[in-house]
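Hi there,

Here is the structure I promised to pass on. Please have a look at it first, and my notes follow below.

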Amino acid sequence: MQLGLNLLKKQGKGVSMKNNVNKKILFSILLFFLTGTLFALGKPKFDLKSLFTKPDLAALYSELPETTPVVAILPPESTSGVDEAFLEELFQEIIYNMIVDGNFKPGAINKWLAATYGNKKIKSIFELVRDLGRYQLPSFFYGLCKSSVYRIGEKYVINISIYSLTKNGYPISAVRVIDSSMELHNAVKWALKDLSMLTIQKQLNAPHVVFAPFDIQCTTLIEQNSGIFDFVSTPYSNQLDIEIKTTDDFYSNLLAYQAQISGLFNASLINPLKEIITTTGSNVNATDLKQHADYLVKGTVILSNKYDIIKIYLINTTNGETVGTFNYISKTLSVQELFSINYACISDFCKTLLSPEEYVIIPSLAQKDCSYYLNDMYAGSNKLENIPVKTGKITIYTGDSYASNITRNPNRNSKDNINDVYIFTENNKIQIFKGREGEYVWNLLEK
């Protein structure tokens, strides 16, 4: 089976690929930044005219090597508190930085998605990857790029994931936490740099865990003078001055991302594309996923004006049995608190699924005005708590909120980088060194 392949010139006219590309390869990838808009199954269009005030993207695109990975860009999604202008700017920055930095070639498969799934929804990302795999794809087609923005208090959390066909529906992902759209350019630029590095990594020899959309329940405390009280269901919950709705599930997405950071789990969402995938947390059957995952994670988030509770259920997909139930309680689900809860949850997964020889849990790492990067992924800022890592030698690099110092400058003078964390674990012993001292120890261990 085949689909048409088209790339566009500067003036928007179709041209054929170079002669050495087999013309029988017919997969519909459109270079959409020249068309001005992108449509996606009922989503509003994203205007890209402002990109033409920047360097000549069409010329830069045409100069990219044919071996540059092509990714089909899907429109970004958001939760409450994120306006359309922010999404459009994120969309533009992804395309712009991909082309200027040359890490990826942006493309689109919206017409194919609409034609294939307009009247027939599917149940998981794995079905979409399976359907794409039935076509004769060009070797340079890498996968689908899906981005999301979550508003958590005063922070914006940007998540860019690329679902590669070679990883069978399991993504590579990059997250950045920013204060405003003024930071989007730097956040996207360095997030894509991380994704480029992640493309060369092989899939982990580790449990495959898939995350269903979490059930979000919003409540408000009603208390009588007599002392009788109850939490009553409401359509939204005010969290750090943001009205979170029952449809605002960013919790499953962030937890799945953090499960990948440690290198101890392969993790994916069942439903990263709500336009064509119908699965919710309530209608997914664990055993239906046994050919794609070892475990299914379901969750319920109860938000209130007093306490917030996250309930996590870890389910074996072979027999459908729940192997672990975990509850986490917080007064305020800030970004920092949510990162800490998620690491505690991943640590609980490790205790349930892995042998003690495979991992250790680092109780706390703290450094003011410092961001941490593990396995080429942003791991948090200022303070990390209960983060699980593989046993042996692990390096957690430091930097700012956009990139680690080693990513910015691989040839930097490491003597000046005093905050990188070197962790050596053996026989349940955890030894932590910083900066140059860590390099000394690493060097001696390798003698």
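Asp-348 sits in helix H7, which covers residues 335-353; helices here are DSSP runs of H or I with at least four residues, strands are runs of E with at least two, and both are numbered from the N terminus. Asp-348 has a relative accessibility of 17% and therefore counts as buried. For that term, buried means under 20% relative accessible area, exposed means over 50%, and partly exposed lies in between, using a 1.4 Å probe and protein chains only. Apart from neighbours within four places in sequence, Asp-348 contacts Phe-326 and Tyr-328, where a contact is a pair of heavy atoms within 4.5 Å.

Before going further, a word on the origin of all this: it is a predicted model, in which local features need pLDDT of at least 70 and side-chain atom pairs count only at pLDDT 80 or more, while totals for chains, interfaces and linings use all residues. Residues are numbered from 1 along each chain as its sequence is written, and side-chain values use heavy atoms, with hydrogens and water left out.

Now for the overall picture. The protein chain has nine helices and 22 strands, and buried residues make up 54% of its 447 residues. Of the contacts with a separation of 6 or more, 65% are between residues 24 or more positions apart.

The core comes next. The largest nonpolar core holds 133 residues, and among those with the most contacts inside it are Leu-128, Ile-312 and Phe-349. Such a core is a set of buried Ala, Val, Leu, Ile, Met, Phe, Trp, Tyr and Cys residues joined through side-chain atoms within 4.5 Å. Helix H7 gives the most to this core, with ten residues.

Is Ile-312 buried or exposed? Ile-312 counts as buried because its relative accessibility is 1%. This residue belongs to strand E16 (residues 308-316). Setting aside residues up to four places away in sequence, Ile-312 touches a list of residues including Phe-214, Leu-255, Tyr-328, Cys-345 and Phe-349. Phe-214 is 98 residues away from Ile-312 along the chain, yet their C-alpha atoms are separated by 9.0 Å.

The axes of helix H3 (residues 110-117) and helix H4 (residues 125-133) come within 13 Å and cross at roughly 110°. Axes are lines fitted to C-alpha atoms, for helices over the stretch in contact, and angles run from 0 to 180 degrees between N-to-C directions. H3 and H4 are therefore roughly perpendicular to each other, a label for angles of 65 to 115 degrees, with under 35 degrees being roughly parallel, over 145 roughly antiparallel and the rest oblique. Trp-112, Leu-113 and Tyr-117 of H3 meet Glu-127, Leu-128, Asp-131 and Leu-132 of H4. These residues divide into five nonpolar, no polar and two charged; Ala, Val, Leu, Ile, Met, Phe, Trp, Tyr, Cys and Pro count as nonpolar, Asp, Glu, Lys and Arg as charged, and the others, Gly among them, as polar.

On to the strands. Strand E8 (residues 171-178) is largely enclosed by the rest of the structure, because eight of its eight residues are buried. One side of E8 has Pro-171, Ser-173, Val-175 and Val-177, the other has Ile-172, Ala-174, Arg-176 and Ile-178, and all are buried. Strand E7 (residues 155-164) runs antiparallel to E8, joined by eight bridges; two strands pair if DSSP finds at least two bridges between them. Ile-160 stands opposite Ala-174 in E8. E7 and E8 form a hairpin with six residues between them, and Asn-168 in the turn has a positive phi of about 60°.

There is also an open sheet of five strands, in the order E19-E18-E20-E21-E22, with antiparallel pairing. Its edge strands are E19 (377-390) and E22 (429-434), each pairing on one side only. From one strand to the next, the twist averages 15°. Helix H6 (residues 251-261) lies across strand E18 (359-374) and E19, at about 60° to E19. E21 and E22 form a hairpin with two residues between them, where Asn-427 in the turn has a positive phi of about 55°.

Asp-369 is exposed, with a relative accessible area of 67%.

Best wishes
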